Amino acid sequence: MNITQLARLPFSGNGAWSELRRLNLSIPFLAWVVVVPMSFLPPVLLYYAGTHYGDGFIQGFGDKQWRFITTILFLAELLTFFVMGWLIHAVMNSHQLKMSYGDAYLLAAIAPLPLWLSSLALLVPALAVSVVAVFAGLFLSCALVYQGVRSLCERTDNDVVAMSATYIVMAASLLAWGVLMAMVWGF
């Protein structure tokens, strides 16, 4: 699988997803090779932004305990992967859609990639750049969830059952993301 095929995942149907599924990646492999390294990006870049930009980025940004916050954020991201994999599987089963645990965790590992990558915007000391990057990441993440559910469950375009299941997964994902962000600002 190359970068071009990965970039097509949010916009393509079964082609790119079926190739990814064919790789038959185990849950521990996904956790160690995809989730752990990518989960480092937001905490490391947030720590960098918090210690280098300070209040010039956002008022009160420089006064936070960034070591503690970023450590908790990293651990919470890892926990979120395991919870979301379980949740995706449960939601698909409740909608009578066939999805294995392996496929559910594949989706749970791939869907947050745009959000993890959006943290690269923290390298630019401008709040507007970070906000635009986060919204683009949220859009692409939601598109990945929809295309992933549709493709991994082998459903057609505009399938109402797949859309319903996707909305539940997206709502839970956005809630989890919101909790993570509230945790960052709360400390």
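The legends below describe close-up views of a predicted model. Residues are numbered from 1 along each chain as its sequence is written. In this predicted model local features need pLDDT of at least 70 and side-chain atom pairs count only at pLDDT 80 or more, whereas totals for chains, interfaces and linings use all residues; side-chain values use heavy atoms, with hydrogens and water left out.

**View 1. Annotated spans from the UniProt record.** The unreviewed UniProt entry places the feature "domain: Yip1" at residues 15-177, and its annotation "transmembrane region" covers residues 29-48, 68-92, 104-123, 129-149 and 161-185. UniProt positions follow the numbering used here, feature names are shortened, and annotations may be inferred rather than shown by experiment. Residues 15-177 are 75% helix and 0% strand, with end C-alpha atoms 29 Å apart. Helices (H or I, at least four residues) and strands (E, at least two) are DSSP runs, numbered from the N terminus.

View 2. Helix α5 (residues 101-110) is largely enclosed by the rest of the structure, because eight of its 10 residues are buried; buried means under 20% relative accessible area, exposed over 50%, and partly exposed in between (1.4 Å probe, protein chains only). The buried residues of α5 are Asp 103, Ala 104, Tyr 105, Leu 106, Leu 107, Ala 108, Ala 109 and Ile 110. Not counting residues up to four places away in sequence, Ile 110 touches Leu 9, Trp 17, Leu 20 and Leu 144, where contact means heavy atoms within 4.5 Å.

**View 3. The nonpolar cores.** A nonpolar core is a set of buried Ala, Val, Leu, Ile, Met, Phe, Trp, Tyr and Cys residues joined through side-chain atoms within 4.5 Å. The largest such core has 39 residues, and those with the most contacts inside it are Trp 17, Phe 81, Ile 88, Met 92, Met 99, Leu 107 and Ile 110. Two or more residues come from each of α2 (14-22), α3 (27-52), α4, α5, α6 (113-118), α7 (127-152) and α8 (160-186), and α4 gives the most to this core, with eight residues. Apart from it lies another core, of 14 residues, among them Leu 46, Trp 66, Ala 76 and Leu 180.

**View 4. Aromatic pairs.** The structure holds eight aromatic pairs; rings of Phe, Tyr and Trp (its six-membered ring) pair if their centres lie within 6.5 Å, and planes under 30 degrees apart count as stacked, over 60 as edge-to-face and the rest as tilted. Tyr 53 and Phe 57 form a tilted pair, at 5.8 Å centre to centre and 35° between the planes. Tyr 53 counts as buried at 18% relative accessibility, and Phe 57 is buried with a relative accessible area of 9%. The pair of Phe 81 and Tyr 105 is edge-to-face, because the ring centres are 5.5 Å apart and the planes stand at 65°. Phe 81 lies in helix α4 (residues 66-94) and Tyr 105 in helix α5, so this pair ties together parts that are 24 residues apart in sequence. Phe 81 is buried at 3% relative accessibility, as is Tyr 105, with a relative accessible area of 10%. Ring pairs also link Tyr 48, Tyr 53, Phe 57, Phe 61 and Trp 66 into a cluster.

View 5. Ser 39, in helix α3, counts as buried at 0% relative accessibility. A polar atom of the Ser 39 side chain lies 2.7 Å from the backbone oxygen of Val 35. Leaving aside neighbours within four places in sequence, Ser 39 is in contact with Phe 74, Glu 77, Leu 78 and Trp 116. Ala 111, in the loop between α5 and α6, is buried with a relative accessible area of 7%. With neighbours within four places in sequence again set aside, Ala 111 is in contact with Ser 141, Leu 144 and Val 145.

**View 6. Loop residues with positive phi.** Asn 24 has a positive phi of about 55° although it is not a glycine. Asn 24 lies in the loop between α2 and α3 and is exposed, with a relative accessible area of 67%. Gln 96, a residue other than glycine, has a positive phi near 55°. Gln 96 is found in the loop between α4 and α5 and counts as exposed at 66% relative accessibility.

Note on methods
A polar contact is a pair of N or O atoms within 3.5 Å; within protein, one must be able to donate a hydrogen and the other to accept it, and residues adjacent in sequence count only if both atoms are side-chain atoms.
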